[in-house]
Amino acid sequence: GIWKGWRGTKATYVVVVVAVRQTMAQARVLSRTASGIWKGWRTGTGSGRCTDLRCRWMSSGIPTEHDVVVVGAGPGGYVGAIKAGQLGLKVACVEGRGALGGTCLNVGCIPSKALLNASHKFEDAKKHFASFGVVCGDVKLDLEAMMKKKESAVSGLTKGIEGLFKKNKVDYVHGWGKITGPNQVTVAKSDGTQEIMNAKNIVIATGSEVTPLPGVEIDEEKIVSSTGALSLKQVPKKLVIIGGGIIGLEMGSVWGRLGAEVQVLEYAKNIVPSMDGETRKAMERVLKKQGFKIKTQTKVTGATVTPNGVKLTVEPAAGGAAEEMEADVVLVATGRRPNTAGLGLEEMGIETDRAGRVVVDMATFQTKIPSIRAIGDAIAGPMLAHKAEEDGVACMETIAGKNGHVNYGTVPSIMYTHPEVAWVGLTEEQCKEKGLEYKTGKFAMMANSRARTNDEPDGMVKFISDKKTDKILGVHMVGVNAGELIAEVVFAMEYGASTEDVAPPGHGHPPPSGGGE
């Protein structure tokens, strides 16, 4: 009767509930109707509301039952949880951050794009508006107001996810989850209590964290990760970025526009190694024109915080004489690693690879324990929010008995500098490595009418297709709104289109989308 009532039956008989403390030392008997208890516990309202802590079974250590428990509420976790709810599964999402959205929404994609947008407006007003006849006078920076605008955007979006959880009947469980059985997650809550959750399926969606750099200790004040770089209290005179990847170049763009001198130190031969070589060269020219100083094949071996900033020790990557370099702020942007510590993977015997990623069957997302799956940054593949979202949807479809699928060959990458860089599919270098016969088509944005009239002529579009079949193998873009333009190509590639298929429909004149045509 108790169980029947808890599962939602509108029973009218009286149920006796024994609420047991974790110590099992005391018990108290309370009477409620089953429907009233359920209504009160689910909503915190109604005649059946129980306010005595000993009556709250969800905090007492008595297990709850779900079809799916998702550990982590980043893009993969929260999108997957919502999809599970839409598929009719009883789902819970465990998150200990205190806000939904994971790194992406709280200290990653969203706040960085807010600052990229704001800093671009500032630079436009300060340097470019006058050439269009818009004279602003003495343009000043209010960094505090800029940060508040960023925080407002983040707060609104995280609360929006909470609303989507309620709409799709996703139970939001506050706390840090650990897998303690093939079908069990134990949640450590902020008040010191634990909640034991039983589930037919467990999905690991814990995302990634900043990869530490030996000899460079992050304090989030003078030596910062991307998190600290989003909340600097003043514009540094000199910002040194360790790592020439997407995160480093985006954050360098923000602070460079606001007045910082930006120096990039990259260990590899090239910045953004995953980018097509020709596209990279085009973008690197633009960055240098914007004031970036880029030094590749350079290793940072140590960092010392001084009263005036940070003193770095650097040397050639191949070895050689060391030298010192000073900066007001140092950003460590050397990559990210899976965030799987403390999940109980070792105790459960769940396999991880050398990079710390959970080993799964990429078709089903299952680990060696079939009831436990993993998605997003926790597994192999590009560490991208939209990739994690697709993982989350496909994983839940698979759990629901449907045909979930992700085509990793059509997952785009985007760098939100100005101009933007976007690409999907194979680079020309990869085509050569694979021995493919291919052809290329290129268009310079300076020949596009709209780009010229907007005084934004930097960029190019490059198509790579199979020499015999003309099937699109890869597309690489540098230009304003390249992040939006790439979506058309992703759609085409998903359906196996040729370059000839993309051009005939016609594109409006004179927008940059015509560059692809």
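Contact, as used in this briefing, means heavy atoms within 4.5 Å. The structure is a predicted model, in which local features need pLDDT of at least 70 and side-chain atom pairs count only at pLDDT 80 or more, while totals for chains, interfaces and linings use all residues. Residues are numbered from 1 along each chain as its sequence is written, and side-chain values use heavy atoms, with hydrogens and water left out.

**Nonpolar cores**

- Leaving aside neighbours within four places in sequence, Val68 is in contact with Leu89, Lys90, Val91, Ala92, Ala199, Asn201, Val203, Met396 and Ile399.
- Val68 also belongs to the largest nonpolar core, which has 49 residues; Val68, Val70, Phe165, Val203, Ile204 and Ile372 touch the most other members.
- Another core, of 39 residues, lies apart from the largest one and includes Ile241, Val264, Leu287 and Trp423.
- A nonpolar core is a set of buried Ala, Val, Leu, Ile, Met, Phe, Trp, Tyr and Cys residues joined through side-chain atoms within 4.5 Å.
- Buried means under 20% relative accessible area, exposed means over 50%, and partly exposed lies in between (1.4 Å probe, protein chains only).

- Helices (H or I, at least four residues) and strands (E, at least two) are DSSP runs, numbered from the N terminus.
- Five strands form an open sheet in the order 10-17-11-12-13, with parallel pairing; two strands pair if DSSP finds at least two bridges between them.
- Strand 10 (223-224) and strand 13 (293-295) are the edge strands, each pairing on one side only.
- Strand 11 (residues 238-242) and strand 17 (residues 329-332) run parallel and are joined by four bridges; Ile241 has Leu331 in strand 17 as its bridge partner.
- Helix 8 (residues 246-257) packs on this sheet, where it touches strand 11, strand 12 (261-265) and strand 17, and its direction makes about 175° with that of strand 11.
- Axes are lines fitted to C-alpha atoms, for helices over the stretch in contact, and angles run from 0 to 180 degrees between N-to-C directions.

**Helix 5 against helix 8**

- The axes of helix 5 (residues 109-128) and helix 8 come within 9 Å and cross at roughly 35°.
- Residues of helix 5 in the contact include Leu115, Leu116 and Phe122, and those of helix 8 include Met251, Val254 and Arg257.

**Buried residues**

- Ala378 lies in the loop between strand 19 (372-374) and helix 11 (385-399), and counts as buried at 0% relative accessibility.
- Although Ala378 and Gly207 are 171 residues apart along the chain, their C-alpha atoms are separated by 5.4 Å.
- Not counting residues up to four places away in sequence, Ala378 touches Ile204, Thr206, Gly207, Pro338, Thr340, Arg357 and Val358.
- Ser413, in strand 20, counts as buried at 14% relative accessibility.
- With residues up to four places away in sequence not counted, Ser413 touches Leu384, Val421, Ala422 and Trp423.

**Backbone features in loops**

- A cis peptide bond, with omega about 0°, joins His418 and Pro419; Pro419 is in the loop between strand 20 (413-415) and strand 21 (420-425).
- Glu220 has a positive phi, near 60°, in a residue other than glycine, and is partly exposed, with a relative accessible area of 34%.
- Asn481 has a positive phi near 65° and is located in the loop between strand 24 (472-479) and helix 14 (482-494).
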